[in-house]
Amino acid sequence: MSEKRNTAQQQIILDALKKFSTHPTVEEVYAEVNKNHPKISMTTVYRNLRKLAESGEIRQVSLPDETERYDRRTERHYHFKCRECGKIFDVDIGYLDGINETVQKKYGFQIDEHDVIFKGICQQCKKDCK
């Protein structure tokens, strides 16, 4: 197995991503990178986030009709999106591997993976509404 080697730019982008507790957009990662590395362009951040996702070092979180976001957690897990603040949070429940086989058997699809996104109001927004 070959060792993963990150370019200096990729390492800067990974370090920026680690500063987020939620799932930032390309623009948010770029803003964080730009604080200390203003010569790194938005295009460079975008390209390297894609490469890091393709290599499995980070995950790309895609929501219908929304801009892609990035997650430093690479293990399979679910997400929750707050309809008030728009933040995306990790949901730490067991990953339902068996659901792939259930859908595959019933419909004949080839299932490679699945995504579940819970939607509602996060704890902070609920508290702010009271």
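Okay, let's start with a term: two strands pair if DSSP finds at least two bridges between them. Strands here are DSSP runs of E with at least two residues, helices are runs of H or I with at least four, and both are numbered from the N terminus.

Now, some housekeeping. This is a predicted model, where local features need pLDDT of at least 70, side-chain atom pairs count only at pLDDT 80 or more, and totals for chains, interfaces and linings use all residues. Residues are numbered from 1 along each chain as its sequence is written, and side-chain values use heavy atoms, with hydrogens and water left out.

Let's go to strand E3. On one side, E3 is joined to strand E4, residues 88-91, by 4 bridges, and the two run antiparallel. Tyr78 has Val91 as its bridge partner in E4. The two strands make a hairpin with 5 residues between them, and Gly86 in that turn has a positive phi of about 80°. E3 also pairs with E5, this time in the parallel sense, over 4 bridges. There, Phe80 has Phe118 as its bridge partner.

So is E3 enclosed or open? Buried means under 20% relative accessible area, exposed means over 50%, and partly exposed is in between, using a 1.4 Å probe and protein chains only. By that count, 5 of the 5 residues of E3 are buried, so the strand is largely enclosed by the rest of the structure. Tyr78, Phe80 and Cys82 point one way, His79 and Lys81 point the other way, and all are buried.

Next, the aromatics. Rings of Phe, Tyr and Trp (its six-membered ring) pair if their centres lie within 6.5 Å; planes under 30 degrees apart are stacked, over 60 edge-to-face, and the rest tilted. Searching the whole structure turns up 4 aromatic pairs. One of them is Tyr78 with Phe118: the ring centres are 6.5 Å apart and the planes sit at 85°, so this pair is edge-to-face. Tyr78 is in E3 (residues 78-82) and Phe118 in E5 (residues 117-120), so the pair ties together parts 40 residues apart in sequence. Tyr78 is buried, at 1% relative accessibility, while Phe118 is partly exposed at 36%. Then there's Tyr107 with Phe109, a stacked pair with 5.5 Å centre to centre and 10° between the planes. Phe109 is partly exposed, with a relative accessible area of 47%.
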